[in-house]
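Subject: A structure for you to explore

Hi there,

Here is the structure I promised to pass on. Have a look at it first, and then read my notes below.

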Amino acid sequence: MSASKDRVVLAYSGGLDTSVAIGWIGEQTGREVITVAVDVGQGGEDLEVIRQRALDCGAVEAYVADARDEFANEYCMPALKANALYEGKYPLVSAISRPVIAKHLVKAARQFGASTVAHGCTGKGNDQVRFEVAITSMAPDMDCISPVRDLALTRDVAIEYAEKHNLPIETTKHNPFSIDQNVWGRAIETGFLEDLWNAPTKDVYVYTDDPTYPPLPDEVVVHFEQGIPTAIDGQPVTPLQAIQELNRRAGAQGVGRIDMVEDRLVGIKSREIYEAPGAVALIEAHQALESVTLERMQRRYKKQMEQAWGELVYEAQWYSPLKKSMDAFIEDTQKYVTGDIRMVLHGGRAVVNGRKTDTGLYDFNLATYETGDTFDQSSSRGFIEIYGMQSKLAAARDVRLGNGVGF
């Protein structure tokens with residue numbers, strides 16, 4: 001067996017399951033394991049601490065990457081420009097993080113001479129598909145495995161293995177929830193939430209405070225340049241800083257809590273709790289600016305594409321040819337999406353109450369009903385006659401053939 005066949009690159013979180021997977025993969029496949037830890041703004045431990053733990057658990061190499069700015073710039077911003085909300089609600093928190101993690105998995109595999117990539121997903125979720133489709137879209141020669149799905153690494157086995165081998169990882173009772181988080185938001189599932197009648201308890205939420213008793217309203221002004229937030233309340237920000245600032249301020253007001261039953265790619269329905277204060281507030285602001293700057297038919301068509309874009313990304317097609325073509329259209333629509341949006345964050349809502357742009361299509365003199373109105377109302381009579389001609393002709397035919405509307 002060649003050297004490239006003797007190594008597996010493992011997506012590594014630093015937790016129990018992936019720490020145990022290092023040795024488990026070695027025992028089950030006879031291959032060396034290289035871990036990859038990617039920071040996409042999930043918080044928690046320092047990358048160097050995670051790197052050392054991977055080595056202590058038996059990894060031959062430990063690759064770490066601070067991808068927070070990369071994730072914000074190249075993955076969150078396209079989602080913002082697309083106003084991406086799967087099934088009208090979910091801002092694709094996990095769906096957009098998998099492609100950037102997969103990118104670093106492939107990069108590490110090339111660097112360290114591995115031909116197989118492993119991840120910690122189960123066999124019934126969306127993320128196994130997202131990881132593997134993203135990986136093979138970038139590296140069609142790569143193989144993919146899941147210790148949980150393919151190598152029988154269940155939770156009880158993981159705890160027993162860790163204790164037997166004295167691994168430097170806690171083996172306390174399983175948290176009732178399955179949680180995935182990054183700077184764009186946080187996803188919570190399983191446990192008592194699987195009973196659809198059970199309401200989320202306070203301990204479910206971390207990114208958002210209870211909106212029932214909010215602090216005083218918080219007014220914020222977000223400045224966009226071609227669809228990207230570049231300043232908040234006049235202070236320049238990077239995309240990452242914009243998301244972080246609105247996570248803090250919108251989160252304090254309980255903005256961005258989502259409780260939904262969604263249709264998974266694998267064919268089952270799943271109850272999911274999300275909290276994405278920054279994402280929800282930014283999408284609300286971005287939509288408001290587009291309402292002023294996009295031409296009517298362009299905006300109408302973009303809304304249709306936004307739904308398709310969200311479904312495509314949710315269903316693991318980030319690197320697909322269709323997604324690439326859609327991105328080109330969406331990027332073109334952002335040419336004039338520049339200006340300021342003022343919104344009030346309060347009581348779980350982000351409400352836009354002001355818009356200002358030099359590239360908009362709103363004309364005060366055309367819109368006003370006061371003195372100074374420049375709209376020629378006499379033009380409307382001819383417009384209505386032409387606009388309604390097809391319906392008028394069809395109605396006349398119905399009456400002639402005895403199919404007219406009866407009153």
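By class, the lining of the largest cavity holds six nonpolar, no polar and two charged residues. Here Ala, Val, Leu, Ile, Met, Phe, Trp, Tyr, Cys and Pro count as nonpolar, Asp, Glu, Lys and Arg as charged, and the others, Gly among them, as polar. The residues in that lining are A95, R98, P99, R130, A134, V313, A316 and W318. Helix 4 (97-112) and helix 5 (127-138) are the elements that give two or more residues to the lining of the largest cavity. Helices (H or I, at least four residues) and strands (E, at least two) are DSSP runs, numbered from the N terminus.

A cavity is a set of points on a 1 Å grid over the protein atoms alone where a 1.4 Å probe fits but cannot get out, and lining residues have an atom within 4 Å of a point. Grid points are joined across faces, edges and corners, and a volume is the space filled by probe spheres set on the points. The largest cavity has about 40 Å³ of space.

This is a predicted model: local features need pLDDT of at least 70, side-chain atom pairs count only at pLDDT 80 or more, and totals for chains, interfaces and linings use all residues. Residues are numbered from 1 along each chain as its sequence is written, and side-chain values use heavy atoms, with hydrogens and water left out.

What lines the second largest cavity? You will find D17, T18, A21, H119, G120, P147, V148 and L153 there. Helix 1 gives the most to this lining, with three residues. About 30 Å³ of space lies in the second largest cavity, and its lining divides into four nonpolar, three polar and one charged residue.

Four of them form an open sheet in the order 6-7-12-11, with antiparallel pairing; two strands pair if DSSP finds at least two bridges between them. Strand 6 (178-182) and strand 11 (257-263) stand at the edges with a single partner strand each, so one side of each is left without a neighbour in the sheet. Strand 6 pairs with strand 7 (residues 185-189) over five bridges, in the antiparallel sense. Look for N182, which stands opposite G185 in strand 7.

Finally, the domain assignment, which is automatic or from a database, gives domain 1 (5-173) and domain 2 (176-293 + 335-354). Their C-alpha centres lie 26 Å apart.

Enjoy exploring!

Conventions. On a 1 Å grid over the protein atoms alone, a cavity is a set of points where a 1.4 Å probe fits but cannot get out, and a pocket is an open set with protein on both sides within 12 Å along at least five of seven lines; lining residues have an atom within 4 Å of a point.
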